[in-house]
Amino acid sequence: MHELRPQSAREASLWDAAATVPDPEIPVISIADLGILRGARFDGEQPVITITPTYSGCPAMETISTDVKKAVVAAGFSSPVIDLVLTPAWTTDWITEAGKKALEDYGIAPPQRRETASGPIPISLSAPVKCPRCGSRNTKELSHFGSTSCKALYSCRDCQEPFDYFKVH
Ligand SMILES: [Zn+2]
């Protein structure tokens, strides 16, 4: 269960309708598991869905807004509005464990952090990224910008396969 899913049954069903929407760029992960979906509530009778855009460079918010409205209407709610909230800014820390697993199963190494005394730091700065195919950490970055600017292109020295790494933000 997602930690942000509302308690009340009515709002929870609104959340569930929005939560089914997949990310347009990585369709194996839902916007709930990606951490973009931040809330579902009613303003009087009007359904309000709160979403927080990912960092610039992954501009899919128009598509997501349209898809969320469609999904909510299909679930029986009328005239939904999208509330775009920019602060606090989206971070890869909001990707759920289920979301990270979906990314890895899809062949994208999920964002990795390592806890240090001064707090979590992106693991790519401290240790190699884990290959999503064979699990090896014997990997190297080929390009800091992969198929989209939110991903880096890596190569595995063990299984020889290239893969995308979803960078920490
Ligand atoms: Zn490998």
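This is a short walk through the structure, stop by stop.

**Before you click**

You're looking at a predicted model, where local features need pLDDT of at least 70, side-chain atom pairs count only at pLDDT 80 or more, and totals for chains, interfaces and linings use all residues. Residues are numbered from 1 along each chain as its sequence is written, and side-chain values use heavy atoms, with hydrogens and water left out.

**Stop 1: the whole chain**

Show the protein chain as a cartoon. Going along the sequence, their order is α-α-β-β-α-β-α-β-β-β-β-β-β.

Of the 169 residues, 46% are buried. Here buried means under 20% relative accessible area, exposed over 50%, and partly exposed in between (1.4 Å probe, protein chains only).

**Stop 2: the largest core**

Select L37, I49 and V68. In the largest nonpolar core, which has 30 residues, these three touch the most other members. A nonpolar core is a set of buried Ala, Val, Leu, Ile, Met, Phe, Trp, Tyr and Cys residues joined through side-chain atoms within 4.5 Å. Colour α1, α2, β1 (37–43), β2 (46–51) and α3 (61–74) next: each supplies at least two residues of this core.

Zoom in on I49. Leaving out neighbours within four places in sequence, its contacts (heavy atoms within 4.5 Å) include L14, A18, V72 and V81. Apart from this core lies another one, of nine residues, with V129, C131, Y165 and V168 among them.

**Stop 3: a serine in a loop**

Pick S30, in the loop between α1 (9–19) and α2 (31–34). Is S30 buried or exposed? S30 is buried, at a relative accessible area of 15%. Not counting residues up to four places away in sequence, S30 touches A19, V21, P22 and D23.

**Stop 4: the zinc ion**

Select the zinc ion and show the side chains of C131, C134, C156 and C159. Their SG atoms coordinate the ion at 2.3 to 2.4 Å. Donors are N, O and S atoms within 2.8 Å of the metal (3.2 Å for Na, K and Ca); water is not among the atoms, so sites may look incomplete. The donor residues follow the spacing C-x2-C-x21-C-x2-C.

What makes the arrangement tetrahedral? The four donor atoms subtend angles of 105 to 119° around the zinc ion, so the arrangement is tetrahedral; four donors count as such if all angles lie between 85 and 135 degrees.

Because C131 sits in the loop between β6 (119–122) and β7 (139–143), and C159 in the loop between β8 (151–156) and β9 (162–166), the pair ties together parts that are 28 residues apart in sequence. C131 is buried, at 1% relative accessible area, while C159 is partly exposed, at 26%.

**Stop 5: strand β9**

Finish on β9, where four of the five residues are buried. β9 pairs with β8 in the antiparallel sense over five bridges; two strands pair if DSSP finds at least two bridges between them. Look for A152, whose bridge partner in β9 is Y165. β8 and β9 form a hairpin with five residues between them, and Q160 in the turn has a positive phi of about 70°.

β9 also pairs with strand β4 (residues 108–109), in the parallel sense over two bridges. There, I108 has D164 of β9 as its bridge partner.

Note on methods. Four donors count as tetrahedral if all angles lie between 85 and 135 degrees; four count as square planar and six as octahedral if opposite donors are over 155 degrees apart and all others between 65 and 115; anything else is irregular.
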